[in-house]
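Dear colleague,

I am handing over a structure that you have not worked with before, and my notes on it follow the display. Please read them with the structure open beside you.

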Amino acid sequence: METITAVHRNHSGEVINFVTSEGRVISYRKALMDVEQGLIQGMQTCQDTHGRLFLIPEFEQSFDHFPNLF
């Protein structure tokens, strides 16, 4: 099963893409779908107060410990 190995952030510091252990570079939306389908492990989806889904690492509070893609 794939895992997330790195992130790509925009100029505001928000995660916009992920790199997987298979070498795929996927969008945040694709990562959400893959996590929900059980294709990526080590991540979980949560819902904010407005009902929007977002990703968080299972054992961390943020993506700060992931290396940057660029």
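Predicted model: local features only at pLDDT ≥ 70, side-chain atom pairs only at ≥ 80, totals over all residues.

Residues are numbered from 1 along each chain as its sequence is written, and side-chain values use heavy atoms, with hydrogens and water left out.

Searching the whole structure gives five salt bridges (a side-chain nitrogen of Lys or Arg within 4 Å of a carboxyl oxygen of Asp or Glu). In one of them, arginine 24 pairs with glutamate 2, and their closest N and O atoms are 2.8 Å apart. This pair links distant parts of the chain, 22 residues apart, since arginine 24 lies in the loop between β2 (15-20) and β3 (25-27) and glutamate 2 in the segment before β1 (4-9); strands here are DSSP runs of E, at least two residues long, numbered from the N terminus. Glutamate 2 is buried at 12% relative accessibility, whereas arginine 24, at 29%, is partly exposed (buried means under 20% relative accessible area, exposed over 50%, and partly exposed in between, with a 1.4 Å probe and protein chains only). Both residues belong to a network of salt bridges that links Glu2, Arg24, Lys30 and Asp34.

Another salt bridge joins the side chains of arginine 9 and aspartate 64, at 3.6 Å from N to O. Arginine 9 sits in strand β1 and aspartate 64 in the segment after β5 (53-57), 55 residues apart.

Best regards

Conventions. Helix = DSSP H or I, 4+ residues; strand = E, 2+ residues; numbered from the N terminus.
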